[in-house]
Amino acid sequence: MSNPAASFETYRRRLLGLGYRMLGSIADAEDAVQETYLRWHAVDRDKVSDPRAFLMTTTTRICLDMLTSARARHEEYVGPWLPEPVVDTAALAPDSRTELAEDLSIALLLTLDRLSPLERAAFLLHDVFDFSFSEVAAALQRSEAACRQLAARARAHVRALRPRSTAAPAARSGEIDEKHAQLISAFVAATRSGDLNVLTQLLASDVRVETDGGGKVAAALNVIEGVDRAARFLVGATRKGWREDFTLRLATINGLPGVIVDGPDGPVQTSAFEIEGGVIKALYVVRNPDKLRHLARRAGPHESSPEPS
C-alpha cells in the first residue's frame, strides 16, 4: 500500500472495464481510471480497509459525473451513436464469473446506454462486477432497497433487449468460428461484386445496419432496416467507398465476429456482425475516426484476412 502505483495496478483492468461499460468509450474510460489513480495517490491508503471497494466506488462516481456531459454529446451526435469498438475484450474483463462478465457486445452496450446513469451503475456493479447490494449502496450513496430497484429495472431492460445470440463463443475464445468466417467472406465478396441476390441470402429478413460516422465521414444518418434496403445500401456504400489501397482483416470486435478495414494511415472502419441462424441479424459499422485511433493496425493473434479464395 505504500507504493500507490504498484497497489493500483492490480485493479487497473477491472477499473478500465467498468469505465468502458459505463461510458462506451475507451478514451473516456482511461481518463476516468487516471483520475481514480490520482485520488488513490492522494488518499491516506493506510486508512483504506478495502482497496477494491474504494477504487471501484471512486471510478463509478467519476463515470457518473462524466455521463452528464456524455449524454449531452449523444443528443448532439450526427447519426447513430455506437460504442468505441474493442478487439481485446480480455483487457476489460471484470474478474468475476457472472452471466454477463464476458459480454461486451454492442447490443448490450447500446442497451446500457438507454438506462439512467444510476440504473447502469447499480446493474454493472452488482450483475457484472459481483458487488453486494450493501457495497452498491455505499458506492451510489443510496439505500440498499433503492439499489435493488435500480438493478432490477436495468436487468429487465437488458433481458428484453439483449439478443440471446450475442453471448457468442468468440467472446470467450477470441477466435472466429469457421462458419462465421465463411459467412463474412461471402458477405465481403457479395458487397464488393455488387451481387444483390447472393447478399440477400446472407442477411436476415429483418436485418439492421447501424453506421457511426459521427458527422466526420460518410455514413447513414438513420438505421437501415430490412433485407432489401440493407443490401442496396451495403452494395452502394462499398461501390462508393472502397479503395484499392484498403486491406481487410478478420477480428473479434466486442466479442462478435467482425472485419477491420485498414487504409495506408490506419483503420478506417470496423464492422461487427451479429449472426443468428446462419444469417446476419445486425451489422454495426464504426467509421468515426475518433473511435478508431486506439485500434492497432497490425493483425493480432486472432485476426486474418477475410478475402475469399
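Strand β5 is mostly covered, with nine of its eleven residues buried; buried means under 20% relative accessible area, exposed over 50% and partly exposed in between, with a 1.4 Å probe and protein chains only. Strands here are DSSP runs of E of at least two residues, numbered from the N terminus, while helices are runs of H or I of at least four. This is a predicted model, in which local features need pLDDT of at least 70, side-chain atom pairs count only at pLDDT 80 or more, and totals for chains, interfaces and linings use all residues. Residues are numbered from 1 along each chain as its sequence is written, and side-chain values use heavy atoms, leaving out hydrogens and water.

**Burial of β4**
- Strand β4 spans residues 256-263, and eight of its eight residues are buried.
- In a regular strand the side chains alternate between the two faces of the sheet.
- One side of β4 carries L256, G258, I260 and D262, the other P257, V259, V261 and G263, and all of these are buried.

**β3 with β4**
- β3 (residues 247-253) pairs with β4 in the antiparallel sense over seven bridges; strands pair if DSSP finds at least two bridges between them.
- T252 stands opposite P257 in β4.
- Two residues lie between β3 and β4 in their hairpin, and N254 in the turn has a positive phi of about 50 degrees.

**β4 with β5**
- Six bridges link β4 to β5 (residues 266-276) in the antiparallel sense.
- V259 has S271 in β5 as its bridge partner, and G263 has G266.
- The hairpin from β4 to β5 passes through two residues.

**β5 with β6**
- β5 and β6 (residues 279-286) run antiparallel and are joined by seven bridges.
- E274 has A282 in β6 as its bridge partner.
- Their hairpin has two residues between the strands, and G277 takes a positive phi near 65 degrees.
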